[in-house]
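Here are my notes on this model, as numbered points. Please read them with the structure open.

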Amino acid sequence: MEGNPIFRQTRLRLAVWYTLVMGGIVGLSGLGVYSVVAHAYYETIDRGLQSVANALHNSIEAAWQQPGQLQRLAKDFSLELCVAKTNCLPKTAGIKQSIKETTNQVNYYIRLLDRSGKLFASAGMQFDKLPITSLSQHWQIITDSSGARYRQITLPLSTQNQFSGYLQVARSLTDLDQNLAYLRLTLVLGLPISMIFVALSSWWLAERAMQPVYLSYQQMQQFTADAAHEFRTPLAAMHSTIEAAIKLQQEPKSNSGILDVLKRQNRRLSQLVGDLLLLTRIDQKQLTKEYQSCCLNDLISDLIEELAFLAIEAEVNLSKQMLFSQKLSVMGNEEQLYRLVSNLIVNAIQATASGGKVTVVLSDRDRYATIKIQDTGLGIAPEHQLRIFDRFYRVDRNRSRTSGGSGLGLAIAMAIAIAHKGNIHVQSQPGLGSTFTVRLPLSP
């Protein structure tokens with residue numbers, strides 16, 4: 001399969017599509033995992049913060065009216081008093097332990113504000129870095145001057161059903177941000193590693209998926225080769241018989257027409273069998289001759305001389321242009337290269353009306369030899385340009401049958417170009433002619 005460029009390119013495309021699809025699925029799955037984990041973290045923090053705030057809120061509201069306890073509260077619970085008050089909170093061991101534990105395990109803080117929003121008691125971290133935020137929002141995320149984030153809840157305090165202040169409890173999100181950063185790093189580093197394994201798996205799966213198709217293709221190639229070989233013997237015998245009958249015929253006027261038709265059709269069928277056999281040999285890389293250095297200047301000059309009679313017969317001006325002063329040589333099979341350029345020139349002559357022109361231009365660019373066959377013929381419609389190199393595909397079927405074409409000429413030319421590590425490109429506009437460009441790597 002690796003030796004066939006069509007299956008190799010198809011396998012590569014399948015592997016790329018598998019990789020892209022799986023990469024998208026893995027990426028979306030990673031994004032979903034990150035979102036779920038982040039949401040779970042925030043929900044856990046909010047529930048814990050809500051529990052602490054509710055416990056403090058209930059205890060503070062119950063003791064808010066008891067006088068003479070503010071200094072004692074500050075001493076017992078490490079509350080820093082900002083303004084002296086007469087209403088104080090009683091000593092409550094449960095609250096003290098809760099505050100002590102929460103402020104030690106993570107960076108918590110507690111604030112008590114009066115009804116105007118002025119801070120008069122606090123516990124936990126230092127507050128010079130944290131601003132006093134809006135008191136109307138129940139949940140907030142605030143950031144200090146160093147960039148650390150805090151999740152804060154604000155609860156109103158009431159005394160005898162009358163609003164008397166605010167309680168704010170907040171928790172540092174540093175541990176959450178660190179955990180999420182580790183998770184992001186894991187996902188970012190894990191994605192390319194996963195993509196490598198996905199790409200390797202896709203390459204293997206593409207081969208497994210194409211194996212039955214490739215086996216069928218090989219069987220078809222073998223059948224074509226066997227059929228072509230089997231046809232050659234009876235066709236050769238038929239051709240010899242027809243030639244003998246033409247020479248020995250007694251009544252030329254009555255038999256010559258029929259024999260000429262048989263001879264012409266036999267030649268056409270023999271050419272078709274030869275083309276199929278050549279394509280099969282190219283596909284299977286069963287070339288008997290080794291590649292050697294081939295001079296394109298001499299090859300094109302010989303073709304121009306050989307096909308000059310065909311051009312004169314079609315009343316087409318056939319010429320050449322050598323845009324490179326030195327000889328251009330490529331490594332390849334000279335007979336096949338000859339067939340490649342010959343097919344393109346013959347097609348150009350047949351597609352050009354009387355009085356038209358066909359020009360063969362040879363040049364080099366970027367270590368590639370470039371052969372351009374330009375004609376002023378009928379041109380090719382855009383919908384046909386992608387398929388003209390398919391086997392047995394003909395743009396004008398009626399004209400092809402008249403001229404004896406089988407639709408294999410361009411397919412053979414493309415197969416030869418690919419076998420020589422080159423390619424063929426076509427540019428054409430209906431009514432303005434066509435340009436076929438052949439690029440072949442130059443000899444080192």
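1. Overall make-up. The protein has 11 helices and 13 strands. This is a predicted model. Of its 444 residues, 39% count as buried. Among contacts with a separation of 6 or more, 64% join residues 24 or more positions apart.

2. The main core. The largest nonpolar core holds 43 residues. Ile345, Ile371 and Phe436 touch the most other members. Helix 8 gives the most, with 8 residues. As background, nonpolar side chains tend to be buried together in soluble globular proteins.

3. Ile345 and its neighbours. Leaving aside residues up to four places away in sequence, what does Ile345 touch? The partners are Leu303, Leu307, Leu318, Val360 and Ile373.

4. Helix 8 against helix 11. A packed helix pair is described by the angle between the axes and the distance between them. Helix 8 (residues 334–351) and helix 11 (residues 409–419) pack at about 145°, with axes 9 Å apart. Helix 8 passes helix 11 in a left-handed crossing. On the helix 8 side, the contact involves Gln336, Leu337, Arg339, Leu340, Asn343, Leu344 and Asn347. On the helix 11 side it involves Gly409, Leu410, Ile412, Ala413, Ile416 and Ala417. By type, the residues of this contact divide into 8 nonpolar, 4 polar and 1 charged.

5. Burial of helix 11. Helix 11 is mostly covered, with 8 of its 11 residues buried. Those buried are Leu410, Ala411, Ile412, Ala413, Met414, Ala415, Ile416 and Ala417. Just after the helix, Lys421 takes a positive phi of about 60°.

6. Arg111. This residue is found in strand 2 (residues 108–114). Is Arg111 buried or exposed? Its relative accessible area is 1%, under the 20% cut-off, so Arg111 counts as buried. What does the side chain of Arg111 make a polar contact with? The partner is the side chain of Gln152, at 3.3 Å.

7. Asn297. This residue sits in helix 6. Its relative accessibility is 7%, so Asn297 too falls under the 20% limit for buried. Beyond residues up to four places away in sequence, Asn297 touches Met322, Phe324, Gln326, Lys327, Leu328 and Leu362. Asn297 and Leu362 are 65 residues apart in sequence. In space, their C-alpha atoms are 7.6 Å apart.

8. Thr186. This residue lies in helix 4 (residues 174–248). Thr186 has 53% relative accessibility, over the 50% cut-off, and therefore counts as exposed. The side chain of Thr186 reaches the backbone oxygen of Tyr182 at 2.8 Å. Thr186 and Gly30 are 156 residues apart in sequence, with 9.9 Å between their C-alpha atoms.

Notes: Residues numbered from 1 in each chain as written. Predicted model: local features only at pLDDT ≥ 70, side-chain atom pairs only at ≥ 80, totals over all residues. Heavy atoms only, no water. Axes fitted to C-alpha atoms, helices over the stretch in contact; angles between N-to-C directions. Helix = DSSP H or I, 4+ residues; strand = E, 2+ residues; numbered from the N terminus. Left-handed = near helix turned anticlockwise from the far one by under 90°. Contact = heavy atoms within 4.5 Å. Nonpolar A, V, L, I, M, F, W, Y, C, P; charged D, E, K, R; others polar. Core = buried A, V, L, I, M, F, W, Y, C linked by side-chain atoms within 4.5 Å. Buried < 20%, exposed > 50% of the residue type's maximum accessible area, 1.4 Å probe, protein only. Polar contact = N/O pair within 3.5 Å; in protein donor to acceptor, adjacent residues only side chain to side chain.
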